[in-house]
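Here is a short briefing for a first look. Please keep the model open while reading.

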Amino acid sequence: MKSHYRVVVIGGGVVGCSVLYHLAKFGWTDVCLLERRRLASGSSWHAAGGVHALNADPNMAALQAYTIDLLSEIEKESGQNIGLHMTGGLVLAGTPERWEWLQSNYRIFQSIGIDDCELISPEEAQRRCPIMSSEGILGAMWAQREGYIDTTGTVQAYATAAKKRGASYFEETKVDSLTQTADGWIVYTDKGDVTCEHVVNAGGLWAKQVGRMAGIELPVSPLKHHYLVTDTVPMIAEADFEMPMVVDLEGFTYMRQDQKGVLVGIYEIEHEHWAMDGAPWEYGEELFQEQLDRIENELELGFARYPAIQDVGIKTWVNGAFTFSPDGNPLVGPVPGKRGYWSACAVMAGFLQGGGVGKTLAEWMIHGEPEADAWSMDVARYGDYANNRQYIRETTGQFYSRRFVMTYPNEQLPAGRPLKMAPAHDAQDAAGAVWGVNWDLESPLYFAPKGFQEKPTLKRSNAHDLVAEECRAVRTGVGLLDITGFSRYEVAGPNAEAWLDGLLATTLPKPGRARLAVMLADTGRLKGDLTLLNWGDGRYWIMGSYYLRTWHMRWFNDHLIDGVTVRDLGEEMCGFALAGPSSRKVIEKLTEDPLGQLPFMGCMSAEIGMIRAHVARMSVTGELGYEINCTYGDHVKLRRQLLEAGEEFGIREVGINALLSLRLEKSFGIWNAEFTQDRTPGMTGMDRWIAWDKGEFAGKAAAIAERDGNAPAHTLVTLEIDADGADASGYEPVWQNGSRVGFVTSGGYGHTLQKSLALALVQPGVADPGTELSVHVVGQERPARVIANSPYDPAGAAMRG
């Protein structure tokens, strides 16, 4: 072991070895991996080893598809047999809602290029897996690229392939502590000290402790997980083919063949955490005693699904620990505030996702950003709130217990809530607010009569008419929206203007003005759809999506220059927005300042009744509107004043769901739907906000190259869909005459226009208004057509009036 490496990876499981392999593959060979015991001696050795591309999150599905393609490559490259069995696999649907969901997801997989799937009948499912009972099954999805691997062999293959490419790994080398230096890190081990530029925490069950070595709390916890392996099953022994993988969602089990028996794994409702501060250092290749009383209900369902194993003995019980994050996705990427410290942990399906995690992290470290949008596994998708032990316990437990439980898009889950509440929360609650969670914050979705319960559904819910009333209030009178759930960052200092001018692709606003601001990576891909406000006193505000607070602050701090400070105001500032034709009348009743004359996209400090506020004349609804920002201490008073002043104009409180409907009628895109890190200004229409004639800014060369010839493969359009009780939501395929020509980025119902609308990325040849297309909505193909953008008030007269 040398005394210095460019990168030190801590942890010799499948994820750490994949990171090591990809760093070497992409050209960084001065890298090493340190493992306290032997490779694969944590969770990796006892994992079930199943692999499949299907995942309800399209980005995670793409990650898994990459991993599957990589497996045979590393086997060949390393010369290590990984025991790859590609058997194909089934996902079973046992309720009408699940079958509807499966049909919908089948179409979404088509959108992201997973084309080896098909929907089949219960009879066909049983033919392909004869040891299974099809009782209670309404249908199934077959995926060709599913199977399983030898877990220990696969870890060894990654490590061997990495070593052949010039990387190093050292077993029986325990990391004791870390110290950050001006140049990187000192890694203290029981075999000597090592300096490096970058440290990667791939600690698995020990990720918590490896994080604390650097003063980092990671939202991760181990939970126990069972599977059993049977003795020989006569029906399998007599078969001339291998049984496919099977996931029985209503039965909470997964199954694969294991020699001439089967392996059956269980995601039980009664979960159990273990070692929430991380596994003991001496823990290794041990297992827990099986806990049959905790899994008996799911076990009974499993044996009922596979009658062929009911009279067969159980050869092995495995009850081992795996690590989980609050939403079940990995925690990957540069840890905010710790330059050179990288996370590659909480990968609960390491053999399924580890290849993609390694690729993503290596690209990020070497090139500055990964090829794919990594948001769904970015460590910066959480804030400090997620480090709380009770929050971790509730959310990781909820994810585990709901691993095979269907979650609807309009369903709000209870774990870790309520956490943060705006000061006017209780008053809004009394007024009928129905709450959704936005990062750590409770935000009103809509307002409903006392006792109302929204029913979970894939289609339009029983809250549809309530949202319609709120939209009508905004379009015809005035609506009041809590905007605590908008992010605000204060930029100040002698070099603030110069820094912003280089960071943003947009012309900076003059004092007292606001402007939509595009932020790009050096590659020309999007990093933010923001609003920049110049208060005229040397301070600027950047406003954006609240749940991106840690993510944006990491980007700002990573690009900060001397003479500039950036401060997250999320714990200080909140507010309300007025929107609608009567909003000016309301605000003029409360101020003697000239807010009534404030131009569109103007901003100023003003007195609103008895409080001092920062006011901007803008609105995402497409109506005349004002965003009124106040301190947390003034939030309750601001709401009371606005409601009292607006009473004669029929003011009504509205929620986020109304806002989402209204913005669709204006073709306004939002982050993580229309705008993502793997898309460009030309694709999404954000190029119209770029100041091409100003000086250098991040991503300028790449943006010019796109503008001048590298035309994007897709362009953003607005669709009208002939829907029937359901609306598109995202990633549904768009078709023309049976050929896939694009996909939906977001959709919903436009209550003012009384039309089902969607925004979609489609091939340029089908982007003209009037082009007839079709879209699958909840699995059913519906006629659609391209319409001109901003179908409501295309001239923008209401917004600018």
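Buried means under 20% relative accessible area, exposed means over 50%, and partly exposed lies in between (1.4 Å probe, protein chains only). At 38% relative accessibility, Glu 172 counts as partly exposed. This is a predicted model, in which local features need pLDDT of at least 70 and side-chain atom pairs count only at pLDDT 80 or more, while totals for chains, interfaces and linings use all residues. Residues are numbered from 1 along each chain as its sequence is written, and side-chain values use heavy atoms, without hydrogens and water.

**Barrel and helix**

- Helices (H or I, at least four residues) and strands (E, at least two) are DSSP runs, numbered from the N terminus.
- Six strands form a closed barrel in the order β33-β36-β35-β34-β37-β38, with antiparallel pairing. Neighbouring strands of this sheet are turned by 45° against each other on average, direction ignored.
- Two strands pair if DSSP finds at least two bridges between them. Strands β37 (residues 772-777) and β38 (residues 780-787) pair in the antiparallel sense over six bridges.
- Opposite Glu 781 in β38 stands His 776.
- Helix α17 (residues 656-664) lies across β35 (739-750) and β36 (755-762). Contact here means heavy atoms within 4.5 Å. The helix runs at about 130° to β35. Axes are lines fitted to C-alpha atoms, for helices over the stretch in contact, and angles run from 0 to 180 degrees between N-to-C directions.

**Second largest pocket**

- The search uses a 1 Å grid over the protein atoms alone. A cavity is a set of points where a 1.4 Å probe fits but cannot get out. A pocket is an open set with protein on both sides within 12 Å along at least five of seven lines. Lining residues have an atom within 4 Å of a point.
- Grid points are joined across faces, edges and corners, and a volume is the space filled by probe spheres set on the points.
- The volume of the second largest pocket is about 1300 Å³.
- Its lining has 47 residues, and Pro 334, Val 335, Pro 336, Arg 554 and Asp 558 lie nearest the centre.
- At least two lining residues each come from α9 (350-367), α13 (496-503) and α14 (549-558). The largest share, eight residues, belongs to α14.
- By class, this lining has 20 nonpolar, 14 polar and 13 charged residues. Ala, Val, Leu, Ile, Met, Phe, Trp, Tyr, Cys and Pro count as nonpolar, Asp, Glu, Lys and Arg as charged, and the others, Gly among them, as polar.

**Cavities**

- The count comes to three cavities of 30 Å³ or more.
- The largest cavity holds about 120 Å³ of space.
- It is lined by 16 residues, with Leu 481, Ala 577, Ala 579, Thr 621 and Leu 659 nearest its centre.
- Helix α17 gives the largest share of this lining, three residues.
- The lining of the largest cavity has eleven nonpolar, four polar and one charged residues.

**Loops and backbone**

- Glu 172 is in the loop between β9 (168-170) and β10. Its phi is positive, about 50°, although Glu 172 is not a glycine.
- Asp 793 also has a positive phi, near 50°. This residue is in the loop between β38 and α20 (797-800). Asp 793 counts as buried because its relative accessible area is 18%.
- A cis peptide bond joins Arg 417 and Pro 418, with omega about -10°. Pro 418 is in the loop between α10 (389-401) and α11 (425-430).
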